[in-house]
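Hi,

Here is the structure I said I would pass on. Have a look at it first, then read my notes below.

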Amino acid sequence: MDSTMTEPAGGSKLKWLWLAVLVIVLDLGTKALATAMLTYGDPVPVMPMFNLTLLHNTGAAFSFLAEADGWQRWFFVALALVVSTVLIVWLRKLQRHETWVAVAIVLILGGALGNVYDRVVHGYVVDFLHFYWQDWHFPAFNLADTAITIGAAMMILDMFRKPADSDGDAERSDERS
């Protein structure tokens, strides 16, 4: 058995966890600034089509379940923690060449944990980035949501970036022979 087969498949990809920590720090820092400097619900124009507007979201993306009786807070905390655990396990199992996927995973992880912090500490997620066009308003969001969206988009793009793993399976079976 050669050294590449005894080496852990993806332990080296855990080195990307620093990016998740950076996302969390930037997310929580910008939320703290928004909370300190903005008045709840009062838009501050930054440029055409973009305001800073402090809002509290007790639901999920796009305020899904925001009107529920409060059970959703702990449901979304538990869901995010389970997903975070799955993401870390997935990250550990990545191969050396799967850096793109590793970055996508840690962006999602950092965003999820940034929003979990808000749910546990405040009971809601702080949102403040508010885009609009004339009378149409995109739901306010934060840097954690942005990191999650970028990570998810990277995963989707990854499906189109590389061919199916049929060649990789053939190479692995040749190595066993």
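The protein chain has 6 helices and 4 strands. This is a predicted model. From the N terminus, the elements run α-α-β-β-α-α-β-β-α-α. The chain holds 177 residues, and 34% of them are buried. Take the contacts between residues at least 6 apart in sequence: 67% of these join residues at least 24 apart.

E1 covers residues 44–47 and E2 covers 50–57. These two pair over 3 bridges, in the antiparallel sense.

Start with methionine 49. It sits in the loop between E1 and E2. The hairpin of these strands has 2 residues between them. Phi of methionine 49 is near 80°, a positive value in a residue that is not glycine.

Glutamine 134 is the next one. Its loop lies between strand E3 (125–133) and strand E4 (136–137). Glutamine 134 is not a glycine either, yet its phi is positive, at about 50°. Its relative accessibility is 61%, so glutamine 134 counts as exposed.

Aspartate 42 lies between H2 and E1, in a loop. Its relative accessibility is 41%, which means that it counts as partly exposed. Which residues does aspartate 42 touch, leaving aside neighbours within four places in sequence? The contacts are Leu52 and Thr53. Threonine 53 is 11 residues away from aspartate 42 in sequence, but the two C-alpha atoms are 5.8 Å apart in space.

**Helix H4**

H4 runs over residues 99–121, which makes 23 residues. Why does a span of 33 Å fit this helix? At 1.5 Å a residue, H4 should span 33 Å, and its end C-alpha atoms are 33 Å apart, so the two values agree. H4 is mostly covered, with 17 of its 23 residues buried. Just after the helix comes glycine 123, which has a positive phi of about 90°.

The crossing is right-handed. On the H2 side, the contact includes Leu17, Val23, Ile24 and Leu28. On the H4 side, Val103, Leu107, Gly110, Gly114 and Tyr117 are among the residues involved. The residues of this contact divide into 12 nonpolar, 4 polar and 3 charged.

An α-helix has 3.6 residues a turn, so residues three or four places apart point the same way.

H2 has another helix partner in H5, residues 143–161. What is the angle between H2 and H5? They pack at about 145°, with their axes 8 Å apart. H2 brings Val23, Leu26, Asp27, Thr30 and Lys31 to this contact, and H5 brings Leu143, Ala144 and Ala147. These residues divide into 5 nonpolar, 1 polar and 2 charged.

**Where to look first**

Finish at the loops, with methionine 49 between E1 and E2 and glutamine 134 between E3 and E4.

Best wishes

Technical notes. Residues are numbered from 1 along each chain as its sequence is written. This is a predicted model: local features need pLDDT of at least 70, side-chain atom pairs count only at pLDDT 80 or more; totals for chains, interfaces and linings use all residues. Side-chain values use heavy atoms; hydrogens and water are left out. The expected span of a helix is 1.5 Å times one less than its number of residues. Buried means under 20% relative accessible area, exposed over 50%, partly exposed in between (1.4 Å probe, protein chains only). A crossing is left-handed if the near helix is turned anticlockwise from the far one by less than a right angle, and right-handed if clockwise. Contact means heavy atoms within 4.5 Å. Ala, Val, Leu, Ile, Met, Phe, Trp, Tyr, Cys and Pro count as nonpolar, Asp, Glu, Lys and Arg as charged, and the others, Gly among them, as polar. Axes are lines fitted to C-alpha atoms, for helices over the stretch in contact, and angles run from 0 to 180 degrees between N-to-C directions. Two strands pair if DSSP finds at least two bridges between them.
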